[in-house]
Amino acid sequence: MGLGIETSFLFLVSRIYNNQLRFAMTTCIPAGSGRLHCRVRDIKGQGCRRTSWISNVTFSGCIRKDLPWSHGVSKFLQIQRCNFSQSPITENSKTLRTITSSSLRDGSTKFFDFAVIGSGVAGLRYALEVAKHGSVAVITKAEPHESNTNYAQGGVSAVLSQSDSVESHMQDTIVAGAYLCDEETVRVVCTEGPERIRELIAMGASFDHGEDGNLHLAREGGHSHRRIVHAADMTGREIERALLKAALKDPNIFMFEHHLAIDLLTCQDGSDTVCLGVDTLNTETQEVIRFISKVTLLASGGAGQIYPTTTNPPVATGDGIAMAHRAQAVISNMEFVQFHPTALADEGLPIQPSKARENAFLITEAVRGDGAILYNLDMERFMPLYDERAELAPRDVVARGIDDQLKKRNEKYVLLDISHKPREKILSHFPNIAAECLKYGLDITCQPIPVVPAAHYMCGGVRAGLQGETNVQGLYVAGEVACTGLHGANRLASNSLLEALVFARRAVQPSIKHMKCSSLDFSASDWWARPVVPVSLESNAIEKILSMTREVRKEVQSIMWKYVGIVRSTTRLETAKQKICDLEDKWEDYLFQMGWEPTMVGLETCEMRNFFCCAKLVVSSALARHESRGLHYTIDFPDLEESKRLPTVIFPCASMRSSWSSRQLQKLPLC
């Protein structure tokens, strides 16, 4: 079985010059080969304002129209369409608004106007708005607060001082993104950011203020001005607290915790794929719960857990990206995995933690923004050797600098020193970091902090337009699961919460419009075969499957860290491709030999499917990029090339031989 994204074509998209599409085709390689299926090369032109889809090109039946990123993935899949032929969404059916509260909460099928997958900042902010117009299910994998948002320390970037400007914020974002950002998306986010901050404050979020009574604005790497709104070093936690408090009070929002999203429920309406909800597994009761909805928002976060060292919580296993890929959504820029330069290196602490952490403890970018200096273990400052901005360089530059030092010196961590700053300032700005380090015998006011890079953020994801729309009807995305074009090849510090807030808000109006012109046919729940829990298997077989799955999970993480890390090469990527394919075959064969059926589901096996799917997406995308740009650095193509300033795009296409992880559990019905 080849690594290639088996149901897709992957290629680099051409650019628009003076609103005219100019490109030259190269080879078209069958999906499933693991190679670059089709690459489009630019012939002429220097500027890059927006990206575009290939115009009227057919690859094995895969046809896509010319379309700029800012218009989403398909002009001809606008949500204005209200009537799907033979669709469960019809004008004459009973609407969701008439369903009683008891019927929403009981039974194996639940009907809602809106289904929101994820309870971080994007999911909750969206839910609070659409709840004014209909019933909302917020489906979350663990407790509602357990999300990447809750672990975000630094803050939210926004232009809130007179000395700053939208243009400056845009420039910083585009420079950090290695000029791969979509300019229109960047402008929208930077312009709308300040209003999103004011909305949070009005909802009860409390941010730090300076002595003058104004918001205290911090500065982080890559930013030319102080524009980071923060709540000490626990900003994400404060935003999550405020949003969750409001959501729990809203009578139209129903929270379903400990519900693992298995697969999106999709059907085919002509050439269009339509999303009508999601299957989930209640991991506490082991019951499969089906959610039928008029509109679905994916806000499930990233996939940091595919690496062994990550700042992401255990829930970040790439579920949303994998589900969307299996549902024929367009995926983009998956090679750009951001490694945060400074996660706490437990090996360098005076007192070792009693057990390994599930996720690395983040040392926020704001520490360097406040003047911290990076040293190797001989207390030699090294960042000026790599970039004139030194410690304030963008994350990709700092992470590579640290990685280079560790490899050259054969050391396991470097040191981040903020102790030259006043003690009171350190403790007031970074109380959470200070307390965590002190638990292990390290006082950051007088000792340097041992740090090491860790997988932190996926800049790629499900390709979205300016309103969070995807090429799948009724499916919207926001937050880390989405690829909006904002981050380009590298995310600027503190732009992630900003993007989540802006796109969650922008997805509201089109979602409401889609919902209002739709009703629901209750028979829709019977269109798909239901996943089943493995009650027919003996406990001994299940234990062996779980043991095997845990071993394979660690092996995938090890492969990704060793071969698809901060510095890459074609040989390493090809090795990763082969190892992942062999491991996937071995795992699937073992499961099915033990009696596992393709429709069976369990928490760890579903996560493993998503692990494989996301790992393959990252490796395939990395192999397709023959240059070094932003977060993707390869020794075989070490230079940044203007002709390759193109997003990587994985289109859905005709299904070929595929692995279990790459296809939906249910057969795709016709709408």
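Tutor: One term before we start: two strands count as paired if DSSP finds at least two bridges between them. Also, this is a predicted model.

Student: Got it. Which residue is the bridge partner of A343 in β21?

Tutor: That's V452. The bridge belongs to the pairing of β18 with β21 (residues 449-458), and those two strands run antiparallel.

Student: How many bridges join β18 to β21?

Tutor: Six.

Student: A glutamate, okay. What is E391 in contact with?

Tutor: Setting aside neighbours within four places in sequence, E391 contacts R368, A372, I373, L374, R381, M383 and V398.

Student: What do the buried residues of α11 pack against?

Tutor: They pack against α6, β18, α8 (365-369), α10 and β21. The helix itself covers residues 431-438, and its buried residues are N432, I433, A434, E436 and C437.

Student: You mentioned α6. What should its span be, and what is it?

Tutor: Helix α6 (residues 235-249) has 15 residues, so at 1.5 Å a residue it should span 21 Å; the end C-alpha atoms are 22 Å apart, which agrees.

Student: Which residues of α6 are buried?

Tutor: T235, G236, E238, I239, E240, A242, L243, L244 and A247.

Student: Why would residues a few places apart point the same way?

Tutor: Because an α-helix has 3.6 residues a turn, so residues three or four places apart face the same way.

Student: Now a longer stretch of sequence. What's the reach of α15?

Tutor: Helix α15 (residues 570-593) has 24 residues and reaches 34 Å from its first C-alpha to its last, close to the 34 Å expected.

Student: Which α15 residues are buried, and what do they pack against?

Tutor: The buried set is L573, A576, K577, I580, C581, L583, E584, D585, W587, E588 and L591. Their packing partners are α14 (539-563) and α16 (603-624). Just after α15, G595 takes a positive phi of about 100°.

Student: Switching topic: which residue's side chain does the T140 side chain make a polar contact with?

Tutor: S119, at 2.8 Å. T140 sits in the loop between β9 (136-139) and α3 (148-151), and it's buried, with a relative accessible area of 3%.

Student: What else does T140 touch?

Tutor: Besides S119, T140 touches F256, E257, H258 and H259, not counting residues up to four places away.

Student: What about the three-stranded open sheet, what order is that?

Tutor: β10-β12-β11, with antiparallel pairing. The edge strands are β10 (156-157) and β11 (217-218), each pairing on one side only. Two bridges link β10 with β12 (residues 228-229), and S157 stands opposite I228.

Student: Zooming out, how many helices and strands does the chain have?

Tutor: There are 16 helices and 25 strands. Of its 671 residues, 64% count as buried.

Student: And what share of contacts joins residues at least 24 apart?

Tutor: 76%, among contacts between residues at least 6 apart in sequence. The accessible surface comes to about 23,800 Å², with 49% belonging to carbon and sulfur atoms.

How values were computed: Residues are numbered from 1 along each chain as its sequence is written. This is a predicted model: local features need pLDDT of at least 70, side-chain atom pairs count only at pLDDT 80 or more; totals for chains, interfaces and linings use all residues. Side-chain values use heavy atoms; hydrogens and water are left out. Helices (H or I, at least four residues) and strands (E, at least two) are DSSP runs, numbered from the N terminus. The expected span of a helix is 1.5 Å times one less than its number of residues. Buried means under 20% relative accessible area, exposed over 50%, partly exposed in between (1.4 Å probe, protein chains only). Contact means heavy atoms within 4.5 Å. A polar contact is a pair of N or O atoms within 3.5 Å; within protein, one must be able to donate a hydrogen and the other to accept it, and residues adjacent in sequence count only if both atoms are side-chain atoms. Accessible areas come from the Shrake-Rupley method with a 1.4 Å probe; for residues, only the protein chains shown count as cover.
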